[in-house]
Number of protein chains: 2
Amino acid sequence: MNPSFIELPGGITAVRGVRAAGVHCGIKKAKPDLALIRAADSSLVAGVFTTNRVKAAPVLWCQRRMQGGRLSAIVVNSGNANACTGIQGLKDAETMASLGAAAVGCPVEETFVCSTGVIGQCLPMDQIVRGIHEAAGRLREDGGPEAARAILTTDTVPKEAVVSMDVEGRLVHVGGMAKGAGMIGPQMATMLAILATDAVVEAPCLQEVLREAVEQSFHCITVDGDTSTNDTVLCFATGQAGGAGLHPRAPGWALFRDALFQVTQTLAKKIVADGEGATKVVTVRVAGAPSGEAARRIAFRVANSPLVKTAFFAQDCNWGRIMAAIGASGVELDPDRVEIHIGEVPVVSGGIGLGTDAERAAEESMAAREFDVAISLNQGEGGTVVWTTDLTYDYVRANVAYRS
Amino acid sequence: MNPSFIELPGGITAVRGVRAAGVHCGIKKAKPDLALIRAADSSLVAGVFTTNRVKAAPVLWCQRRMQGGRLSAIVVNSGNANACTGIQGLKDAETMASLGAAAVGCPVEETFVCSTGVIGQCLPMDQIVRGIHEAAGRLREDGGPEAARAILTTDTVPKEAVVSMDVEGRLVHVGGMAKGAGMIGPQMATMLAILATDAVVEAPCLQEVLREAVEQSFHCITVDGDTSTNDTVLCFATGQAGGAGLHPRAPGWALFRDALFQVTQTLAKKIVADGEGATKVVTVRVAGAPSGEAARRIAFRVANSPLVKTAFFAQDCNWGRIMAAIGASGVELDPDRVEIHIGEVPVVSGGIGLGTDAERAAEESMAAREFDVAISLNQGEGGTVVWTTDLTYDYVRANVAYRS
């Protein structure tokens, strides 16, 4: 981490100009299921949304709201995705926004909504009404952690990150919260992240830096390779740190950008670490590929292979499965130049195995909860990093049980 | 099935001009692990091989042998894939062919070799030598089933299919055997199939019809979306049925082609049915797609989605996961026109669900070992069929335990 950063508790409400609340309104049986975030009026907003052709109603709502470029409140419910719900779903998303706007006293055009949970059922609007009303009454400047808990689905822990730093003499915070544990694939499947900063940022710059940060964080993780209908990353800037607006040529920009990368990567890794049934967090590094895109295809092919992922679970240095996945990536490559390290241990050189002693040593690294798989193709300059999990009995259990 | 076909027992040796044997030589602990197939001298041969860039030594050997276009014998071992074994692996594949050729008395250029099993270990050549010697002494005209058992790895049952028919007054057989239960994905991963016919077929035609048959059978199945280093489909024609050579404009061609499709599809479905840990065989049909390629992308995205596959296991009509997979396929489509049937039951129309009664009815279909998922996009003429399995605890168990 950049030594200029200070990590802070408190989640999204550690950022000045943000209040939040989380409540239980009855969409889920007993767990918190509705969060309300109140930003400083008309904060600048940026957003990145699912690439799935099947987009949930709240995603369509948010995409329309992006035109105004301003955000004052966000209502998030968990337990129901409001996806594949047709016209009624669109109406419900709009109603949810209207209720949120009325409850906190801001324009509906500046009110965003997110939903996550089961696909294909209409929102229970009575509960949503009650939840928004209750949450509006509970909005607090230390409500971040409560809100972070209310957006979870199969997650087992809330996911928050905040850093503060000095930007040209002003104290700036960047913080946020995220949810996601299954249906996580490239293109940030079933993932919600809400980020905030009190920095003053020039309008077009926030969108651009958010896109870059997402590319290097949420787009580099995979649990099961699936892509959801509801993925949303919102980032808003309240401007309460004051000072001149940040932009790419401003002296403080690099630091601010680095902080956003830090927060998004921390949240992304927390999502992988909480992957459904996961017992391992594996960093797959690819270097020496013909191109960056080739590196990415190889990394994701390895990171999504059920055979590779069950071998991670078994702590089995089955590098043959990694070689097979590399070869199946569709990338033109010379297998005889491939090197693979697991942890610090070389296990493949020149495309062939280095023997059982190397494998046993690698398996010691694999016993840890986190380890690296480094693949060097030695045929170019392309590289990438992807974070993945193992595939376990509990992954199957989590997904068998989800609707029951 | 075409009413002109008669299904027969006896596996590949039901085809005239084929003898076979299967033995245990010690690559595996107790199960048969080496098969020898003796074809009539210089039978015409066609082959389709893995698209994985990491190709096992026996695949490279076979690809070189294809230049001669003739086959007299095939040696197959299971338990060791002879993949990622470098120069030594190539030497071992060649030695295996030389030993096979010497043992049956045929040219080494007409001797093919296949290996399947663990990647990255050199073949135990002492055992291979012993196995080939023993198998050569056991070659029999009813040895097909014995050979079919000797090529298995994690398979639980041998896979054979034979049909006979009258082609222009001559009795013709098409038969074969296959293995594969994991690492099965599009591009016929970790799959071996050896097919034979006694028909007289003109040389370039056999390769063409085999390619078509593979496209409609082994390329339409998926267990885990992985692609192996060793996939091989060989088809040889002994010509012992006599008569004029078959070619696409000959009167008997359509029937012969149909028989080859029948045998390859039967073997492909047997592979899916024996998929690692599978409790379900699901036929995913896509219709009304913008193109055939779009249909194929959608079908495989659905058929490979871990979330969809765990829902199959749970017999849970979680059509939202199917919608999400359709949308994530990368195909440009209008989700509001999608219809989904499970079994005979419509569960999605106009992109939205048809309610819990429909879901309960669909779940009755899902209780069967085999059921269909039919997806109609209503936005074109493209269609395809793909066969897949569910994702179960036992899939994880099979792949955790494989090397231990």
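The legends below accompany close-up views of a predicted model.

**View 1. The two-fold relation between chain A and chain B.** Within chain A, Y393(A) has the C-alpha nearest the axis, at 2.7 Å from it. Both copies use the same surface, since 100% of the contact residues of chain A recur in chain B.

**View 2. The contact between chain A and chain B.** Chain A contributes 47 residues to the contact, and chain B contributes 47 residues. On the side of chain A that touches chain B, at least two residues each come from α8 (306-314), α9 (319-327), β14 (352-353) and α11 (393-401) of chain A. The element that gives the most to this side is α9(A), with 7 residues. Sorted by class, the side of chain A that touches chain B holds 23 nonpolar, 18 polar and 6 charged residues.

**View 3. The two assigned domains of chain A.** The domain assignment divides chain A into domain 1, covering 6-273, and domain 2, covering 281-401. A separation of 32 Å lies between the C-alpha centres of domain 1 of chain A and domain 2 of chain A.

**View 4. A35(B) in the largest nonpolar core.** This core has 286 residues, and I37(A), A35(B) and I37(B) are those with the most contacts inside it. Leaving aside residues up to four places away in sequence, A35(B) touches A20(B), A21(B), G22(B), V76(B), A135(B), A147(B), A150(B) and I151(B).

**View 5. Strands β11 and β16 of chain B.** Strand β11 (residues 281-289) of chain B pairs with β16(B) in the antiparallel sense, over 7 bridges. R285(B) stands opposite V385(B), the latter in β16(B). Strand β16 (residues 382-389) of chain B is mostly covered, with 6 of its 8 residues buried. In a regular strand, side chains alternate between the two faces of the sheet.

View 6. S164(B) counts as buried because 20 C-beta neighbours lie inside 10 Å, and 20 or more is the criterion for a buried residue. Not counting residues up to four places away in sequence, S164(B) touches I6(B), L8(B), L171(B), V172(B) and H173(B). The C-alpha atoms of S164(B) and E7(B) are separated by 6.6 Å, although these residues are 157 residues apart along the chain.

Terms used: Residues numbered from 1 in each chain as written. Chains lettered and ligands numbered in written order. Predicted model: local features only at pLDDT ≥ 70, side-chain atom pairs only at ≥ 80, totals over all residues. Buried ≥ 20, exposed ≤ 12 C-beta atoms within 10 Å, placed from the backbone. Helix = DSSP H or I, 4+ residues; strand = E, 2+ residues; numbered from the N terminus. Pairing = 2+ DSSP bridges. Contact = placed C-beta atoms within 7 Å. Nonpolar A, V, L, I, M, F, W, Y, C, P; charged D, E, K, R; others polar. Core = buried A, V, L, I, M, F, W, Y, C linked by C-beta atoms within 7 Å. Domains from an automatic or database assignment. Least-squares fit on C-alpha atoms with pLDDT ≥ 70 in both.
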